Each structure stands twice: as structure tokens, then as C-alpha cells.
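Take a look at the structure before reading on.

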Amino acid sequence: MPINKYFLAALVAFVIWGFFSLALKPLTDYPSLDILFFRVFIATAFLLGINLFFRKSVIIEAKNTFKELSKKKQKSAVIMTVIGGLLLVLNWFLFIYAVNHVSLQSASFAYIICPILTTVLAFILLKERIDVWQWIAVGLCVISCVILSYGNFKDLIYSVIIALSFGLYLVSQRKNSDFDKFLILTIQMVISSVILLPFYPSYGGAVPTEFLFYSLLLIIVIVFTIIPLFLNLYALKGLNSSTVGILMYTNPLIHFFLAIFYFKESVSVAQIISYSLILISILVFNMTNFRNLSQNRIKKSA
């Protein structure tokens, strides 16, 4: 897969998500569920407003496209969209809880496992081809995860759930490719809101009044939710799930460096070794891309 606009879209999305903790950490004193509720509700209102006021033609086109699909494809599109909304809600809550109540490193560990699971899920469910270099990269990632999980088996189980939810989201949305990605994202946010709304009266805390809460939530919604999710869904139009999965490693790497150098969390020798292996695996996974890019440059210069 050449380095193109889809490749760059996925890379930018995961780089943005890598810095998510900068906006999330200042909200540590607020319950994770409250952050989730307001993140989903505000994002839904924002997306609905954009689509209803500025993208009516896209909605009409999507409606006509849906009518033209066979009953089987219509059912598949509905199921994939609903599943996507459910997986996003689960993934967001677990990630918010991990960052604010466990540790930033535990959250980044989830996204170390996630690319491996995504690559394997794409191979099993979507029959996507993985070459020898990419299997070697997956093997290096597995070794790094084994090293990191030593002595932290409970955290590993917790991280697997976070990773599996996002991996399944990526694979499911790879198949859901018949409609505008921004509209799909809006529908998934509506689904998420419908799921969460009945729980808000019982599980939501007092309505926050602090300016800090709403200013950071607005940043989270626009910068760390809508923009990267759209870029990610767009990237899936031109990249296979395994490539997106490996690019995902930029996310935990940034989390890891922020945890050490910005939030001053302790780091072990095992973690340094593991993250070094991850860097190597990213280079190995994209070995074919680098070779093709080099060959193209040679051809152009000739």
C-alpha cells in the first residue's frame, strides 16, 4: 500500500489521539461516566447540526443509495452502523476510566494490543492478505506485549477488552463502505446517545458548572473525537484494516512518551525494551511501502 492521502489521514488521526490525555487528565476529578455522557451528547448535537443545516444533499443521496441496495446489503449496513455505535461507547468509557483512574500507561497498553488484534481480526474476518514482513512485525508486537504483561496480567485482561472493542470497530467499518463517512459517524453518535440517555438520570452526577469542564469537553469533542474519527473512517476507504492497525501504534507511543516526560510516570526497563520493539515492528510492517516508495523515486529520477 503506497503512502497516499488515506495513509496520511490514518496517521494524523492516531497522532491526534495520542495527545488526547492532555485534554483528559485535567478532568480527573469528574466521574468517567459524566465525561462520557457529555462527550457523546455534545458530539451528537454538533454533528447533527452540521448535517441538517449544511449537508442535506448528502442525506438525500444516502437515502437514495440505501433504497437502491439489496435487502441483504441494507441489513448489513444497518447492523454494521449499530455495532459501530455500540463499540464506540464501550471503547470510550473504558479508555476514559483507564486514563483517569488507573494510569496513562495502562491505557496506552490497550492500544499496543489493539493493532495486533486488528490485524488478526482483518485476516480472519475480512480475509485480508498479510505478507511475510507484516507477519514478522506482528510477531515482534506479540513479544513486546508479553514483556509488558509480565506481572500485570489483570491489567492485560482489562486492556484486551479496550483493544478488542476498537479493533472490532475498525474491522466492522471497513465493511461499511457504501455511505458518506461523516454521515455514518453522525448516525453512530445518535445511536450512542440513544443508548446512554436512559442511564444519565441514574448514573450521571450533578451538572457541572465550571468553565474548565465545558471548554475542555468542546476541545475533546471537536479535536479529539470528530476530526480523528472522520479521518479514520476516511482512511478505511483506501487502506486495509491491518495497515490501519499498525499505524495505530503511533497512538500508544505518544501516550508512553507523554506519561514519562510530561506526566512523570515511572517507567521500567521492560517497558523501554517493549516500546523499542514496537518502533522496530512499525518499520518492519511498512518495509514494502518504503521499498515501493524508493523504487518510484528511482523511476521518476530516471
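Which helix holds Lys-181? Lys-181 lies in helix H9, which covers residues 181-196. The model is predicted.

**Lys-181**
- Lys-181 has a relative accessible area of 5%. Buried means under 20%, so Lys-181 is buried.
- Beyond its neighbours within four places in sequence, Lys-181 is in contact with Gln-173 and Asn-176, among others.
- Its contacts also include Phe-230, Leu-233, Tyr-234 and Lys-237.

**Asn-51**
- Asn-51 sits in helix H3, residues 32-54.
- Asn-51 counts as buried, because its relative accessibility is 2%.
- Leaving out residues up to four places away in sequence, Asn-51 touches Lys-56, Ile-59, Phe-182, Leu-183 and Thr-186.
- With Thr-186 there is also a polar contact, side chain to side chain, at 2.6 Å.

**Gln-134**
- Gln-134 belongs to helix H7, which runs over residues 132-149.
- Is Gln-134 buried or exposed? Gln-134 is buried, because its relative accessible area is 12%, and the cut-off for buried is under 20%.
- Residues up to four places away in sequence aside, Gln-134 touches Arg-129 and Phe-285.
- How many residues apart in sequence are Gln-134 and Leu-283? They are 149 residues apart in sequence, and their C-alpha atoms are 9.8 Å apart in space.

Technical notes. Residues numbered from 1 in each chain as written. Predicted model: local features only at pLDDT ≥ 70, side-chain atom pairs only at ≥ 80, totals over all residues. Heavy atoms only, no water. Helix = DSSP H or I, 4+ residues; strand = E, 2+ residues; numbered from the N terminus. Buried < 20%, exposed > 50% of the residue type's maximum accessible area, 1.4 Å probe, protein only. Contact = heavy atoms within 4.5 Å. Polar contact = N/O pair within 3.5 Å; in protein donor to acceptor, adjacent residues only side chain to side chain.
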